[in-house]
Amino acid sequence: MSRLRRLALLAAAAALPALGLTLAGQAPASAAPNFQVPFKCGVTVTAATFDDHRPQNAVDFQKSGITGMPVLASASGTVTRVENRGSESYGRFIEVDHGSGWKTLYAHLSTQTVSVGQSVVGGKQIGTAGATGNVSGPHLHFEENLNGVTQRAVLNGVSVPYYAHTNFTSKNDCGGNPYSAEEVCGDGFSVVDQQALANSSGTAYLLYNASTKANCVTTLKATSLGTASAVSAFLEVQGSARVTDSGSFTYYAGPVKKTADSTCVKWGGSVGSNTYESGFEHCD
């Protein structure tokens, strides 16, 4: 191959990311669903990770008396596998397809209560924990897989530590939005104002970080949770252009952030056709 041809191929490869493509001609991976702890609301389990785990990024959920505890779908999807390998490998296990290449797997179950092709919403019971397969004790083996590769798990937006034993309390199927405004905006932000939207569809929040002088707006949905639907959040610092985040989102719009030290702001958001827009306020 000539030097000029090699240079041309390298240049073409370098241009692929700008086009949103990989060398295989595929679009970049979609963001993961908001995977939840696969147990009932309020249940605390230990997420155990091991450097010699197979696959290495899988999580073993451990808890005294875990046998027979309901196992819930970590996110909405379609059941693609319900299998029983007896005393080998995963034993009784279930796989759920969440779209965009993402799947979850639940293994060593004592019972399975769904069937292949069944649609499940996040928080639906799919089985019970147990000790089937090749295990030394009862636990739930859990995987978050992207295009067949097990990823480091993230639960309700929190990365599971590797390699450690860390307690997680489930917010799965708690009957509300699993996110808080502070979680969306990040460390240092506190709510200074909020407005419930009509028809109990959601709430728009204004937050402030006293250290950075930054404002943040997010709109949290209260309806169609886990399903993409129209939602928006905006922030306008007086004298500057409005910044808006809008689209079809599963739980919230935002965060929208702008610095506004001693400057009035206008803020608000929407869920579906229900909207809120403040006047210019919070000027101090």
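Start by selecting Cys185 and Cys216: with -80° about the S-S bond, their link is left-handed. The two are joined by a disulfide, S to S 2.0 Å (the term stands for a pair of cysteine sulfur atoms within 2.5 Å). Cys185 lies in helix α2 and Cys216 in strand β16 (residues 214-221), so this bond ties together parts that are 31 residues apart in sequence. Helices (H or I, at least four residues) and strands (E, at least two) are DSSP runs, numbered from the N terminus.

Before you move on, a word about the model. It is a predicted one, in which local features need pLDDT of at least 70 and side-chain atom pairs count only at pLDDT 80 or more, while totals for chains, interfaces and linings use all residues. Residues are numbered from 1 along each chain as its sequence is written, and side-chain values use heavy atoms, with hydrogens and water left out.

Still on this first stop, are the two cysteines buried or exposed? Cys185 has 3% relative accessibility and counts as buried, and Cys216 is buried too, with a relative accessible area of 0%. Here buried means under 20% relative accessible area, exposed means over 50%, and partly exposed is in between (1.4 Å probe, protein chains only).

**Next stop: the other disulfides**

How many disulfides are there? The count comes to 3.

Select Cys41 and Cys174, which are joined by a disulfide with S to S 2.0 Å. The torsion about their S-S bond is about 105°, so this disulfide is right-handed. It links distant parts of the chain: Cys41 is in the loop between α1 (3-15) and β1 (44-48), and Cys174 is in the loop between β13 and α2, 133 residues apart. Show the surface here: Cys41 is partly exposed, with a relative accessible area of 40%, and Cys174 is partly exposed at 36% relative accessibility.

Now go to Cys264 and Cys283, another disulfide, with S to S 1.9 Å. Its torsion about the S-S bond is about 110°, so the link is right-handed. Cys264 sits in the loop between β19 and β20 (265-271) and Cys283 in the segment after β21 (274-277), so the bond ties together parts that are 19 residues apart in sequence. Cys264 counts as buried at 15% relative accessibility, whereas Cys283 counts as partly exposed at 30%.

If you count the bonded cysteines along the chain, the disulfides follow the pattern 1-2, 3-4, 5-6.

**Next stop: aromatic rings**

A pair of aromatic rings is described by the distance of the centres and the angle of the planes. How many aromatic pairs does the structure hold? There are 9 of them.

Select Tyr162 and Tyr163. Their ring centres are 5.7 Å apart and their planes are at 85°, so the pair is edge-to-face. For the cut-offs, rings of Phe, Tyr and Trp (its six-membered ring) pair if their centres lie within 6.5 Å; planes under 30 degrees apart count as stacked, over 60 as edge-to-face and the rest as tilted. Tyr162 is buried at 16% relative accessibility, while Tyr163 is partly exposed at 34%.

Then select Tyr179 and Tyr252, whose ring centres are 5.0 Å apart with planes at 75°, so this pair is edge-to-face. Tyr179 lies in the loop between β13 (165-169) and α2 (181-185) and Tyr252 in strand β19 (residues 252-259), so the pair ties together parts that are 73 residues apart in sequence. Tyr179 is buried, with a relative accessible area of 17%, and Tyr252 is partly exposed, with 24%.

For a group of rings, select Phe39, Phe61, Tyr106 and Phe142, which form one aromatic cluster.

**Next stop: charges over rings**

A charge sits over a ring if NZ of Lys or CZ of Arg is within 6 Å of the ring centre and within 35 degrees of the ring normal. Select Arg242 as well: it lies over the face of Phe234, at 3.9 Å from the ring centre.

**Last stop: Val192**

Select Val192 in strand β14 (residues 190-196). At 43% relative accessibility, Val192 counts as partly exposed. Which residues does Val192 touch, not counting residues up to four places away in sequence? They are Leu206, Leu207, Tyr208 and His282, where contact means heavy atoms within 4.5 Å. Finish with the C-alpha atoms of Val192 and Leu207: the two residues are 15 residues apart along the chain, and these atoms are separated by 5.3 Å.
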